[in-house]
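Colleague: Could you walk me through how the labels on this model were assigned? I'd like to see the cut-offs behind them.

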Amino acid sequence: MPESDPLNPDWYQTGLSHIWLPYSQMKTAPKPLLARSTAGSRITLQDGRSLVDGVAAWWTACHGYNHPHIRSCAEDQLAHMPHVMFGGMVHEPALRLSSRLAAMLPGDLDHVFYTDSGSVAVEVAMKMAIQYRLNRGESERTKLLAFRGGYHGDTLATMAICDPEEGMHHLFAGVMPTQYVIDLPQDTATIAAFETFLDAHAHEITAIVVEPLVQGAGGMLFHRPEVLRRLRDAADRRGVLLILDEIFTGFGRTGTMFACEQAGIVPDIITLSKALTGGTLALAATVARRHVYEAFLSDNPEHALMHGPTFMANPLACACANASLDLFEQEPRLEQVAAIESALHEQLEPCRALPGVKDVRVMGAIGVVEMDRIADPAALRTRFIAENVWIRPFRNIVYLTPAFTIQPEELQTLTRAIYRVIKG
């Protein structure tokens, strides 16, 4: 029997005909690259090429790939209990992680509900905020207020609070629940419109939902900390809850452990995922303040939060999350983020003078080159691969969200590739 071609193995061709890729028109999508291994900030392909990863596996691998401490903790947990149901049973990795998250989050964000994806974490936050009102007899306050430019997930409920222009609303009109989406209050006009809207609708709104400091998948749109303080103040004056979606921004990405620290505010509910396990396994958390949690304590069984994913608080994922928190305590992650921020400012700034560049902006370990338009993102990705980097432009932006442990020369490889590719 002839041996399979190692660069084009039989299982690749066979499996490819059965796979359904994300965000892809499968009729026309180019063949995906075949990854063989990862280490640090590099992805090695089946054909031996090594790519510097500029997006850290969709913003998750904050410590780089295959960190030995996370791997060791995962191997140890795998050896004695990879999974057990979380219904009527708990375990050390989840309890230890919950205590650590409660201690490091601001204020009294003390009560942790685990899921296994960011979208579901946001959906649980929405559910918490709505049931919070129902349990208190405020049945008219079940709407949510979100902002244009925001992205909170791809499930039907979370799509309803994403940007209506850039999201998938038009495909599911009449199917999704209707929520309110308005402009983020950043200047005189939008602040006035926001206050007027809240005055008119606070009686039916249970919570405001926002990505703090950076609206990620909506276009890497930045806003100032005072915007968050304004939202907190407006919510407090009207008895509205504030939900911060820190799935992208949490765990150091913006320069502080959590983005809300830069505004000095405490949300009523916060959602976490992506870098929670250092990009090793799927895990998410929805964390509520005491007053939210206490609204679910009752002699009435119907007042319980009726949600429970099968792999909730998976022990293996929780062990990886604990290992990731160890690294934030033991290694200089925020100092590394500050160094990346400085390097991105210096190395991306020359792009501002290139034709077609609209803006260059940096916050923490996020670097963005915004174009007037990108006519063919797939072609641009192909050109980046030819530069031996893994960069995924979307909409009209080319961006970097590297691992915090990336080496200076690797970061320079990424920024130089961006300059060369945009220059043409």
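Modeller: Gladly! The charged end of Lys143 sits over the ring of Tyr180, 6.0 Å from its centre.

Colleague: What makes that a charge over a ring?

Modeller: The rule asks for NZ of Lys or CZ of Arg within 6 Å of the ring centre and within 35 degrees of the ring normal. Arg361 also lies over a ring face, that of Phe222, at 5.7 Å from the ring centre.

Colleague: Before we go on, what should I know about the model and its numbering?

Modeller: This is a predicted model, where local features need pLDDT of at least 70 and side-chain atom pairs count only at pLDDT 80 or more, while totals for chains, interfaces and linings use all residues. Residues are numbered from 1 along each chain as its sequence is written, and side-chain values use heavy atoms, with hydrogens and water left out.

Colleague: Why is the pair of Trp59 and Tyr399 called edge-to-face?

Modeller: Rings of Phe, Tyr and Trp (its six-membered ring) pair if their centres lie within 6.5 Å; planes under 30 degrees apart are stacked, over 60 edge-to-face, and the rest tilted. Trp59 and Tyr399 have 6.2 Å centre to centre and 80° between the planes, hence edge-to-face. Phe394 and Tyr399 have centres 5.6 Å apart and planes at 80°, so that pair is edge-to-face too.

Colleague: How do you know whether Trp59 is buried or exposed?

Modeller: Buried means under 20% relative accessible area, exposed over 50%, partly exposed in between (1.4 Å probe, protein chains only). Trp59 has 9%, so Trp59 counts as buried. Tyr399, at 1%, is buried, whereas Met26, at 34%, is partly exposed.
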